[in-house]
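Subject: Handing over the structure

Dear colleague,

Please take your time with each part.

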Amino acid sequence: AHLRQVSGALGRAGEGPRMPDRSTKTTMGTEDMHERKVSVEPQDSHQDAQPRGMFHNIKFFVLCHSLLQLTQLMISGYLKSSISTVEKRFGLSSQISGLLAAFNEVGNVSLILFVSYFGSRVHRPRMIGYGALLVATAGLLMALPHFISEPYRYDHSSSDNRSLDFEASLCLPTTMAPASALSNGSCSSHTETKHLTMVGIMFAAQTLLGIGGVPIQPFGISYIDDFAHHSNSPLYIGILFGITTMGPGLAYGLGSLMLRLYVDIDRVPEGGINLTPKDPRWVGAWWLGFLISSGLVVLASSPYFFFPREMPKEKHEFHFRRKVLASAASTASKGEDLSSQHEPLKKQAGLAQIAPDLTLVQFVKVFPRVLLRNLRHPIFLLVVLSQVCTSSMVAGMATFLPKFLERQFSITASFANMLLGCLTIPLVIVGIMMGGVLVKRLHLSPVQCSALCLLGSLLCLLFSVPLFFIGCSTHQIAGITQDLGAQPGPSLFPGCSEPCSCQSDDFNPVCDTSAYVEYTTPCHAGCTGRVVQEALGKSQVFYTNCSCVAGNGTVPAGSCESACSRLVLPFIVLFSLGAGLASITHTPSFMLILRGVKKEDKTLAVGMQFMLLRVLAWMPSPVIHGSAIDTTCVHWALTCGRRAVCRYYDHDLLRNRFIGLQFFFKSGSLVCFTLVLAILRQQSREASTRTTVKSSELQQL
């Protein structure tokens, strides 16, 4: 899926080379002695020199898995980049689109335990390949509604021919109005059934996407850890996540490119279309990105069917890695505590390969007991709650930030995706890596890790405060902004358009630039004529003889430009800096869990951590944010009597509620880290007191 997959795993990879424990030191020494003997034993040298196929090379597997996870995150992140476009195309509210974006977690959570149990009992590369094919199938299903639906009609008053779009919404006397303009479109049970079918296909595709993604990351990481040299494994995993982190950025970049193309680029009507990407009725080619991503996933999955179930263990470590471990070993000899802080995560795949000797029934029985034991641990519980808050913030941002920027600053969906992919996501990745570097280089203790988390959360919260004031109010919209609590209807429109046969659910906005007033259609502006001007190869539509405009003037087609679009860059810079500072907390918070739970529970605790994040953050957060956005809508499009997509929002209310939700989750994370720091300091003081008492007792003896 997802950004949380990259951020969670990269935090683990950011630890770099980790210190071995005492038992591992002995193994390392034996292996190093064996490797020194290899150079003088001709038989072993001959065996190492034997050519081996590339599918028996763990380095080639790392390359393949990096590309697969990159393409998987592209296909799972692409929906978020085009969420507002999908809303317009299929008439979805933000609440429904948020539920759609979160639905892939349902399939993921429902199978993660079973995948964990069977992790060491199956052919892992093939299972990864099958999962990738399911992911590609899900991408194709996501694009299917485009091919089985009718061509996009961007104005309800045009029933058959899209070239009538502008003329059908002009001001005509009631007796002269065409029958199609007086109706609410062709509403029937067949129409509603088809709409539900389209939405159902997308929900099924998201579920399949979650199921297909279950084996990819856990099996891949455990496979690398099993067959790579013990000292090369962290390097390989670091390379894996270094490449993988580009996935979300590429997804938003792909969305930026695809949404510049018209949705029906494969079936453009004769005479072309009369829309531009700046028009609020514009719908980009959202489906094309799913086809491209699915093709890339299929290509990336093909090598997995040729990898063996088990490959020869890698015998040699890299030369520069040997130097790093030599210096690390000398440091580790100074104390046992330091080595325990950097104990290797043998199975970084969360729940993967836990207790392989247990039967399935025993495994299911053990899991709840360990879960309850860890949930009673205050540090584990508070750190997970803080990560739930942070992940909820990230999930809402990844899903609805592009739409928020579109509405708040009147920019195109393509430009909003470009800002997110080029600025916000890179800063988040840098923050995660910086957190890992600080933990490793400064050898931070648990108390210091909690202090770093607290500092990052506090700075993130402070950067959020100015965002409440960066934006501008909704411009005046005739018949809508005068009474925000009333439902749109003919009585709300100005009296100048009363003689016209205007339909309240039509949408073809025009802007009176002199008074900065927007009308939902030329009819509501009282316009009776239309002219097209050609300039520099582009056509601009104007409506003339508009009775609602001063002097029966002329108005251009399209919504009014935002008065504060210049503020989008300061807003996104502050927002991105706050997100980057929040992401610094990920690696130190992960280390708090590793150092806080029992040694035998570490692997299971990590798996429970990510499962709880999915259930408590990544599943509900997009729905919560979507519901909050829906409450700020002041004008809904109506399709067959039901609410469809929102056409106009109260910008001040939208900004306060969207940023307010983000502020709420950031505050929750800050409170949790404050409690963690207080508990750890108390435990540290108690430990030092016990040490002092024991020392005094020894002196007395």
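This is a predicted model: local features need pLDDT of at least 70, side-chain atom pairs count only at pLDDT 80 or more; totals for chains, interfaces and linings use all residues.

The protein chain contains 26 helices and eight strands, and of its 701 residues 54% are buried. If you consider the contacts in the chain with a separation of 6 or more, you will find that 81% of them are accounted for by residues 24 or more positions apart.

The helix pair to look at is H4, which covers residues 58-81, and H14, which covers residues 246-258; their axes come within 7 Å and cross at roughly 50 degrees. The crossing in which H4 passes H14 is right-handed. On the H4 side, the residues that take part in the contact include Leu70, Leu73, Met74 and Tyr78, while on the H14 side they include Leu250, Ala251, Leu254 and Met258. Taken together, the residues of this contact divide into 11 nonpolar, four polar and one charged.

One of the disulfides joins Cys511 to Cys560, with a distance of 2.0 Å from S to S. This pair links distant parts of the chain, because Cys511 sits in strand S2 (residues 510-512) and Cys560 in the loop between strand S6 (555-556) and helix H22 (568-583), 49 residues apart. The link of Cys511 and Cys560 is right-handed, with 105 degrees about the S-S bond, and Cys511 and Cys560 are buried.

Another disulfide joins Cys527 to Cys546, where the distance from S to S is 1.9 Å. Cys527 lies in the loop between strand S3 (517-519) and strand S4 (529-535), and Cys546 in the loop between strand S5 (538-544) and S6, so this pair ties together parts that are 19 residues apart in sequence. The torsion about the S-S bond of Cys527 and Cys546 is about 105 degrees, and the disulfide is therefore right-handed. Both Cys527 and Cys546 are buried.

A further disulfide joins Cys633 to Cys646, at 2.0 Å from S to S. Here Cys633 belongs to strand S7 (residues 633-639) and Cys646 to strand S8 (residues 642-649), so the pair ties together parts that are 13 residues apart in sequence. With a torsion of about 105 degrees about the S-S bond, the disulfide of Cys633 and Cys646 is right-handed, and both of these cysteines are buried.

Is Cys389 buried or exposed? Its relative accessible area is 15%, so Cys389 counts as buried, given that buried means under 20%. Cys422, by contrast, counts as exposed at 57% relative accessibility, because exposed means over 50%.

A colleague

Conventions. Residues are numbered from 1 along each chain as its sequence is written. Side-chain values use heavy atoms; hydrogens and water are left out. Axes are lines fitted to C-alpha atoms, for helices over the stretch in contact, and angles run from 0 to 180 degrees between N-to-C directions. Helices (H or I, at least four residues) and strands (E, at least two) are DSSP runs, numbered from the N terminus. A crossing is left-handed if the near helix is turned anticlockwise from the far one by less than a right angle, and right-handed if clockwise. Contact means heavy atoms within 4.5 Å. Ala, Val, Leu, Ile, Met, Phe, Trp, Tyr, Cys and Pro count as nonpolar, Asp, Glu, Lys and Arg as charged, and the others, Gly among them, as polar. A disulfide is a pair of cysteine sulfur atoms within 2.5 Å. Buried means under 20% relative accessible area, exposed over 50%, partly exposed in between (1.4 Å probe, protein chains only).
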